[in-house]
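Thank you all for coming.

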Amino acid sequence: MMMHQQLEGQHVVIAGGSSGMGYGAAEEALRCGAQVTIVGSTKEKTDRAVASLGGTSFGAVADILNEQSLRNLADQLDTIDHLFITASPGGTNRLTDLDFDIKKSYLYGKVWSSLMTVKILLPKISTSGSVTFLTGGFAVKPDGKATLVTGAYAALEGLTEALALELAPIRVNNIRPGMIDSPLWDFMDEKEREDLFAAEKNKNPLHRIGTISDIGRAAVFLMANDYITGDTLDISGGRNIT
Ligand SMILES: NC(=O)c1ccc[n+]([C@@H]2O[C@H](COP(=O)([O-])OP(=O)(O)OC[C@H]3O[C@@H](n4cnc5c(N)ncnc54)[C@H](OP(=O)(O)O)[C@@H]3O)[C@@H](O)[C@H]2O)c1
């Protein structure tokens with residue numbers, strides 16, 4: 001069976017689907033015939049993304065770091081076949097910058113929002129379905145500047161394996177992207193961004209920056225292949241082996 005046929009009519013929920021890699025996954029899932037619900041924390045952005053995705057896409061607004069907001073989201077959703085969590089409510093990146101409040105750290109934001117989203121949406125997830133997390137290259141290549149990001153990603157990669165056992169037969173996987181050209185980098189001016197991407201391109205053997213479609217195609221692959229669980233797929237143009 002072709003990959004696109006396996007997702008035909010399935011309900012894919014993407015927490016973080018209003019932008020970047022989540023949006024890329026929404027585009028790919030729609031192309032595969034899925035019904036897609038994208039979740040973002042801001043209504044305007046979510047509405048805009050639904051309008052540009054078109055097709056069988058729907059929007060829901062929720063803050064995935066807020067328990068009540070997630071419970072309200074669960075109440076709105078039908079059965080979920082596949083859940084992809086890309087949103088990373090972030091915070092402080094370095095231990096030396098942290099003021100003894102773990103809740104202000106990226107470690108807490110990323111790991112706890114991912115776990116709480118799964119825990120609260122779990123009753124809605126089909127037993128033949130899947131959960132996919134998103135980490136990043138810092139999990140295996142720390143740089144000394146984003147210590148708590150490394151901690152968050154490494155924890156989530158471990159949790160991917162543990163949850164694949166705990167939640168089976170629901171499958172649990174993870175995508176570890178390299179640097180991806182997404183709106184995440186819009187806080188930089190164009191020159192700064194070009195310099196960053198130019199430097200990063202030289203660090204992987206394919207000499208290019210990833211696209212949101214590279215990640216979207218990996219996400220639908222993990223959703224559609226029902227013999228993969230507990231795995232992390234590195235989508236970094238080979239950056240992890242340099
Ligand atoms: N881009 C890269 O190069 C890269 C590489 C490796 C890892 N990562 C990690 O992957 C994450 C996603 O990257 P991206 O490039 O796809 O970022 P992005 O374009 O900024 O998209 C982030 C998405 O998450 C949503 N979101 C953020 N906080 C939320 C919350 N509390 N509740 C619900 N939704 C929330 C955003 O919507 P709202 O703004 O409406 O909330 C948006 O849809 C990043 O945060 C980063 O930690 C990124």
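Before I start, one term: two residues are in contact if their C-beta atoms, placed from the backbone, lie within 7 Å. Please also keep in mind that this is a predicted model.

With that term in hand, let us begin with I14, which, once its neighbours within four places in sequence are left aside, is in contact with G22, A25, A26, V36, I38, V39, F84 and T86.

Now to the strands. Strand β1, residues 11–15, runs parallel to β4 and is joined to it by four bridges, and here A15 stands opposite I85 of β4. Strand β4 also pairs in the parallel sense with strand β5, residues 125–134, again over four bridges, and in that pairing H82 has S130 of β5 as its bridge partner. Together with helix α5, residues 106–121, strands β4 and β5 make a right-handed β-α-β unit. Is strand β4 enclosed or open? Six of the six residues of this strand, residues 80–85, are buried, so it is largely enclosed by the rest of the structure.

Let me turn to the ligand. There are 28 residues around it, and G20, G40, S41, G136 and S182 come nearest. By type, the residues of this shell divide into 14 nonpolar, twelve polar and two charged. Both α2, residues 20–31, and β2, residues 35–40, supply at least two residues of the shell, and α2 gives the most, with three.

Finally, some backbone details. As background, most residues other than glycine have a negative phi, and most peptide bonds are trans. Against that, a cis peptide bond joins A168 and P169, with an omega of about 15 degrees, and P169 lies in the loop between α6 and β6. F100, although not a glycine, has a positive phi of about 70 degrees; its place is in the loop between β4 and α5, and F100 is exposed, with 5 other C-beta atoms within 10 Å. H207, likewise not a glycine, has a positive phi of about 50 degrees; H207 lies in the loop between α7 and α8 and is exposed, with 11 other C-beta atoms within 10 Å.

Key:
Residues are numbered from 1 along each chain as its sequence is written. This is a predicted model: local features need pLDDT of at least 70, side-chain atom pairs count only at pLDDT 80 or more; totals for chains, interfaces and linings use all residues. A residue is near a molecule or strand if its C-beta atom, placed from the backbone, lies within 6 Å of it. Ala, Val, Leu, Ile, Met, Phe, Trp, Tyr, Cys and Pro count as nonpolar, Asp, Glu, Lys and Arg as charged, and the others, Gly among them, as polar. A residue is buried if 20 or more other C-beta atoms lie within 10 Å of its own, exposed if 12 or fewer, and partly exposed in between; C-beta atoms are placed from the backbone. Two strands pair if DSSP finds at least two bridges between them. A crossover is right-handed if, with the strands pointing away from the viewer, the path from the first strand over the helix to the second runs clockwise.
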